[in-house]
Amino acid sequence: MMSSILDVFCTWNREVISVSGENSLYLLMEWRSGPPAKRQSKLMPKLLYRDVELLLKPEDGVVIKAVHGARAKETDAGWVLQMGSAYKGKTKTLLLELAVSSQSAGKKSVCSAYWSAFKTKQEQRVLLRREQIYLQISAHLGLMNKQPDLRVQKHVKLSETTGIMKQALRAFERGRTEEGCEIIKRHTDELLIMAVRSGDLEYYREAQILIQLGEYYQMTYEKLNDEHSDTVRESSGTYYLEEDEEDFMEKQAK
């Protein structure tokens, strides 16, 4: 690894996996340029690098299934991730979901990582850091029974929110308001349970945001559905209540 002007910290949700492989493995990557600020400043931190890009080249038997926290594109060279800009002392996070096929025991390289960016006031991309990311593989069952890393698990849980909201919005858009509300409620309940168990307020804050969004979407789509119903009624030559439908059909038959 070259001397780093970019600090990167990698944490697996499981330190050791089985030789038989793992279908859903998570890697939390935290990166920043310079030491973290000792106190929060009202001033905008100094911009050090523009358009930070991460190129990941998985080894044979390793598949990147999902990327959370950056725009990503799979290319012939590997996965290219757009990481935004780097500000002095500001930490950013990235979560990867990977699948690893069966491997022999030992410390194995999972992928190569190349960080590049444009320096301020320069138009040439420079390589900031390159490294190999490793994972321990073992046939020892006792090593694999350890609890998953709690910080990584938190990021995994919070990353589910985007997919949950997409499911809920699809239900709302199709007029299934109760289903949309239930999808959001299930996820917020899980977040609140995690908040109680761990004492981590970030779960609670995420749940509160989702509750507010759920109420907003419910109100918005119920209003849209009502407006749509009014439009249908006005454009129809004949309108009858749903409960009178059977009587109406009988009269028409006569």
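This is a predicted model: local features need pLDDT of at least 70, side-chain atom pairs count only at pLDDT 80 or more; totals for chains, interfaces and linings use all residues.
1. Residues are numbered from 1 along each chain as its sequence is written, and side-chain values use heavy atoms, with hydrogens and water left out.

2. For orientation, the chain has five helices and 10 strands; helices (H or I, at least four residues) and strands (E, at least two) are DSSP runs, numbered from the N terminus. Of its 254 residues, 34% count as buried. Buried means under 20% relative accessible area, exposed over 50%, and partly exposed in between (1.4 Å probe, protein chains only).

3. The largest nonpolar core has 33 residues, and L81 and W115 make the most contacts inside it. Such a core is a set of buried Ala, Val, Leu, Ile, Met, Phe, Trp, Tyr and Cys residues joined through side-chain atoms within 4.5 Å. At least two residues each come from β1 (7-12), β3 (22-32), β4 (47-58), β5 (62-68), β7 (78-87), β8 (92-100), β9 (106-119) and β10 (125-138). The biggest contribution, five residues, is that of β9. Another core, of 14 residues, lies apart from this one and includes L158, M165, I184 and Y203.

4. Now to helix α2, residues 150-173. Its 24 residues reach 36 Å from first C-alpha to last, close to the 34 Å expected at 1.5 Å a residue; the expected span is 1.5 Å times one less than the number of residues. There is a bend of about 25° at T162, taken as the angle between axes fitted to the seven residues ending there and the seven starting there. After the helix comes G175, with a positive phi near 85°.

5. Among the buried residues of α2 are V152, L158, S159, I164, M165 and F172. S159 is worth a click: at 17% relative accessibility, this residue counts as buried. Not counting residues up to four places away in sequence, S159 touches H68 and L95.

6. Helix α3 (residues 177-198) agrees with expectation: its 22 residues should span 32 Å at 1.5 Å a residue, and its end C-alpha atoms are 32 Å apart. The buried residues here are T177, G180, I183, I184, H187, T188, L191 and A195. They cover an arc of only 140° around the axis, which puts them on the same side of α3; the arc is that of the directions from the helix axis to the C-beta atoms. On the other side, E178, V196 and R197 are exposed. Just after α3, G199 has a positive phi of about 75°.

7. Lastly, have a look at E59, in the loop between β4 and β5. E59 counts as partly exposed because its relative accessibility is 30%. Leaving aside neighbours within four places in sequence, E59 is in contact with S109, V110, C111, S112 and Q132.

Conventions:
Contact means heavy atoms within 4.5 Å.
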